[in-house]
Amino acid sequence: METKTRRARRNATEWQRVIDEQKRSGLSQETFCRQHDIGYGSFLNWKTKLAGGSQARTADPSFIELPTLQIESTMNWDIELDLGLG
């Protein structure tokens with residue numbers, strides 16, 4: 001039976017060091033995580049959290065910021081917004 005090894009638990013300071021190390025490495029985030037046995041999803045979550053992204057989302061749950069997209073004038077978009085009961 002194969003046993004799975006647990007990855008290291010890191011606090012915010014340690015995650016910031018990992019993120020800084022990845023930037024200095026010149027590797028893509030995914031490659032860096034694979035080479036250092038770091039969960040890619042955890043890396044992305046912590047990068048967002050430390051950049052203030054998760055705080056912005058939880059500060060006002062009635063507001064969701066949408067990214068600005070470069071859209072060619074020939075593209076047509078149908079956007080539907082479901083406001084639940086409203």
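Me: Let us begin with the fold. How many helices and strands does the protein have?
Reply: Please keep in mind that this is a predicted model. The secondary structure consists of four helices and zero strands. Followed along the sequence, the pattern is α-α-α-α.

Me: What share of the residues is buried?
Reply: Of the 86 residues in the protein, 12% are buried. Contacts can also be sorted by their separation in sequence. Among contacts with a separation of 6 or more, 41% join residues 24 or more positions apart.

Me: How does one describe the packing of two helices?
Reply: Two packed helices are described by the angle between their axes and by the distance between those axes. Here, helix 1 covers residues 12-25 and helix 3 covers residues 40-50. Their axes come within 10 Å and cross at roughly 105°. Angles of 65 to 115 degrees count as roughly perpendicular, so helix 1 is roughly perpendicular to helix 3.

Me: Which residues make the contact between helix 1 and helix 3?
Reply: Helix 1 contributes Ala12, Trp15, Gln16, Val18, Ile19 and Gln22. From helix 3 come Ser42, Phe43, Trp46, Lys47 and Leu50. Sorted by class, the contact has seven nonpolar, three polar and one charged residues.

Me: May we look at individual residues there? Is Ile19 buried or exposed?
Reply: Ile19 lies in helix 1. Its relative accessible area is 3%, and buried means under 20%, so Ile19 is buried. Neighbours within four places in sequence aside, Ile19 is in contact with Phe43, Trp46, Lys47 and Leu50. The C-alpha atoms of Ile19 and Trp46 are 8.6 Å apart, although 27 residues separate the two along the chain.

Me: What can be said of Val18, and which residues is it in contact with?
Reply: Val18 is also placed in helix 1. With a relative accessible area of 9%, Val18 is buried. Apart from neighbours within four places in sequence, Val18 is in contact with Arg10, Phe32, Ile38 and Phe43. Between Val18 and His36 there are 9.7 Å from C-alpha to C-alpha, at a distance of 18 residues in sequence.

Me: Where is Trp46, and which residues does Trp46 contact?
Reply: Trp46 belongs to helix 3. Its relative accessible area of 22% makes Trp46 partly exposed. Beyond neighbours within four places in sequence, its contacts are Arg10, Ala12, Trp15 and Ile19. Trp46 and Trp15 are 31 residues apart in sequence, while their C-alpha atoms are 6.7 Å apart.

Me: How far is Asn11 from Trp46 in space?
Reply: From C-alpha to C-alpha, Asn11 and Trp46 are 9.7 Å apart, with a sequence separation of 35 residues. Asn11 sits in the segment before helix 1. Asn11 counts as partly exposed, at 42% relative accessibility.

Me: Where is Asp37 found?
Reply: Asp37 is in the loop between helix 2 (29-35) and helix 3. At 46% relative accessibility, Asp37 counts as partly exposed.

Me: How is empty space found in a structure?
Reply: Rolling a probe the size of a water molecule over the atoms shows where empty space is left. In this model, the largest pocket holds about 190 Å³ of space.

Me: Which residues line the largest pocket?
Reply: The lining is formed by Arg6, Arg7, Ala8, Arg9, Arg10, Trp15, Gly39 and Ser42. By class, these residues divide into two nonpolar, two polar and four charged. Trp15 and Ser42 of this lining also take part in the contact of helix 1 with helix 3.

Terms used: Residues numbered from 1 in each chain as written. Predicted model: local features only at pLDDT ≥ 70, side-chain atom pairs only at ≥ 80, totals over all residues. Heavy atoms only, no water. 1 Å grid on protein atoms, 1.4 Å probe; cavity = no way out; pocket = protein on both sides within 12 Å on 5 of 7 lines; lining within 4 Å. Points joined across faces, edges and corners; volume = space filled by probe spheres on them. Nonpolar A, V, L, I, M, F, W, Y, C, P; charged D, E, K, R; others polar. Axes fitted to C-alpha atoms, helices over the stretch in contact; angles between N-to-C directions. Helix = DSSP H or I, 4+ residues; strand = E, 2+ residues; numbered from the N terminus. Parallel < 35°, antiparallel > 145°, perpendicular 65-115°, else oblique. Contact = heavy atoms within 4.5 Å. Buried < 20%, exposed > 50% of the residue type's maximum accessible area, 1.4 Å probe, protein only.
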